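Please read it alongside the sequence and the structure shown here.

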Amino acid sequence: MIGKINTIKSKTSALKKRIARDKLNTVRYVILGREVNRGLLFKLFIYWILIVTSYIYLNPILKMLVKMVMNEKDLNDPTVTWVPHEVYLGHLKTAWQALHYVESLLVSVGISTVVALFHVIACGLMGYALARMQFPFKKLLTVLLVVTFIIPPQVIVLPMIIMYTKLGLQGHLFSLVLPSLFGFGIKGALFVIIFRQFYTTQPKELEEAGKIDGASSFKFYWKVMFPLAKPAILVVSLFSFVWTWNDTYYPRMFLGQSPLVPLSTQMSRVDASIASMLGNEETALVLVEAIKMSASFLALLPPLLIFFFAQRYFVESVERTGLVE
């Protein structure tokens, strides 16, 4: 009888140890995970990195949003940092006038859209030719295409100014569009490579079927390959649009003091407009920073909205073009 009792006690003790060990393993698996990248500790570390990185990038934007809605009293109050006593939208109105916002916005949208369209057409054709066609000096042209990445725009801007002056295009908005018509420059080279990368992933059976049906190379490209390149088209369009929207170098070189300039160039003239207002005592000195913040917000808003609505399609398109491989 005593032996049976001892046996039951030993089994009970072993069961308790096993339950305790299982609980300990469960806690360990929750914290550390069965694999390193699945544990709670690893996830907390990743979230901490993401939060810190997001704060670094979002902090200037948040400060911009707060500063532009502060009135003069809040701007002069050192205790007001993040939450103003009231929302004041007068700085946006002043920045709107200083930027000549409607005219500059239309110029920026028009130029960026046309440049993106030309990049899609010209770079798509070049990318398809480099990916699927055979012609003399193809490898040499591919090497020269890559070499264009190491040539800064400052090196070629003077010959371009001379050429535009002889053609009578200096100071004309078309001078900003012409390079994209031929896929010229660093942007064009990048977009050609994106299209080439996409077209190399397409099956060759499509071309063979097109040849059997008697389609020419251009007709096959326009009817078959170009519609398939929607992911690459979306990526190139967004890249080109935002790149052109933010460009200040070429407009400053080619347009000079032209009254019709893109929004990015008009931003550089805001200081002169504000100085004029200060000279006329229309604006207090303390409000200059808030007006600049408002102008930055107005310039940032259109591409931000575009990316907000197209973010999902943009990410999917980047994955399908093979850029992440």
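## Helix packing

In what follows, axes are lines fitted to C-alpha atoms, for helices over the stretch in contact, and angles run from 0 to 180 degrees between N-to-C directions. The model is a predicted one. In it, helix α5 (residues 101-132) packs against helix α12 (residues 230-246) at an angle of about 140°, and their axes are 8 Å apart. Since angles over 145 degrees count as roughly antiparallel and those from 65 to 115 as roughly perpendicular, α5 and α12 are therefore oblique to each other.

The crossing of α5 and α12 is right-handed. On the α5 side the contact is made by Leu105, Ser108, Val109, Ile111, Ser112, Thr113, Val115, Ala116, His119 and Val120, while α12 contributes Ile233, Val236, Ser237, Ser240, Phe241, Thr244 and Trp245. Sorted by class, the contact of α5 with α12 holds ten nonpolar and seven polar residues, and no charged ones.

## Overall composition

The protein chain has 16 helices and zero strands, and 35% of its 325 residues count as buried. Among contacts between residues at least 6 apart in sequence, 73% join residues that are at least 24 apart.

## Nonpolar cores

The largest nonpolar core has 25 residues, of which Phe195 and Tyr199 touch the most other members. The elements that give two or more residues to this core are α5, α9 (185-199), α11 (217-228), α12 and α16 (288-321), and the largest share, seven residues, comes from α9.

Phenylalanine 195, with residues up to four places away in sequence left out of the count, touches His119, Val120, Cys123, Gly124, Gly127, Ala229, Ala232, Ile233 and Val236. A second, separate core of 18 residues includes Met68, Leu99, Tyr101 and Ala299.

Proline 251 is found in helix α13 and, at 3% relative accessibility, counts as buried, because the cut-off for burial is under 20% relative accessible area. The C-alpha atoms of proline 251 and leucine 176 are separated by 7.0 Å, although the two residues are 75 residues apart along the chain. Not counting residues up to four places away in sequence, proline 251 touches Leu176, Gly256, Pro262 and Thr265.

## Positive phi angles

Most residues other than glycine have a negative phi. Against that background, histidine 100 has a positive phi of about 50° although it is not a glycine, and its place is in the loop between α4 (90-99) and α5. Histidine 100 counts as partly exposed, at 45% relative accessibility.

Phenylalanine 137 likewise has a positive phi, of about 60°, although it is not a glycine, and lies in the loop between α5 and α6 (138-147). Phenylalanine 137 is exposed, with a relative accessible area of 63%, because the cut-off for exposure is over 50%. Just after α8, glycine 183 takes a positive phi of about 65°.

Technical notes:
Residues are numbered from 1 along each chain as its sequence is written. This is a predicted model: local features need pLDDT of at least 70, side-chain atom pairs count only at pLDDT 80 or more; totals for chains, interfaces and linings use all residues. Side-chain values use heavy atoms; hydrogens and water are left out. Helices (H or I, at least four residues) and strands (E, at least two) are DSSP runs, numbered from the N terminus. Angles under 35 degrees count as roughly parallel, over 145 as roughly antiparallel, 65 to 115 as roughly perpendicular and the rest as oblique. A crossing is left-handed if the near helix is turned anticlockwise from the far one by less than a right angle, and right-handed if clockwise. Contact means heavy atoms within 4.5 Å. Ala, Val, Leu, Ile, Met, Phe, Trp, Tyr, Cys and Pro count as nonpolar, Asp, Glu, Lys and Arg as charged, and the others, Gly among them, as polar. A nonpolar core is a set of buried Ala, Val, Leu, Ile, Met, Phe, Trp, Tyr and Cys residues joined through side-chain atoms within 4.5 Å. Buried means under 20% relative accessible area, exposed over 50%, partly exposed in between (1.4 Å probe, protein chains only).
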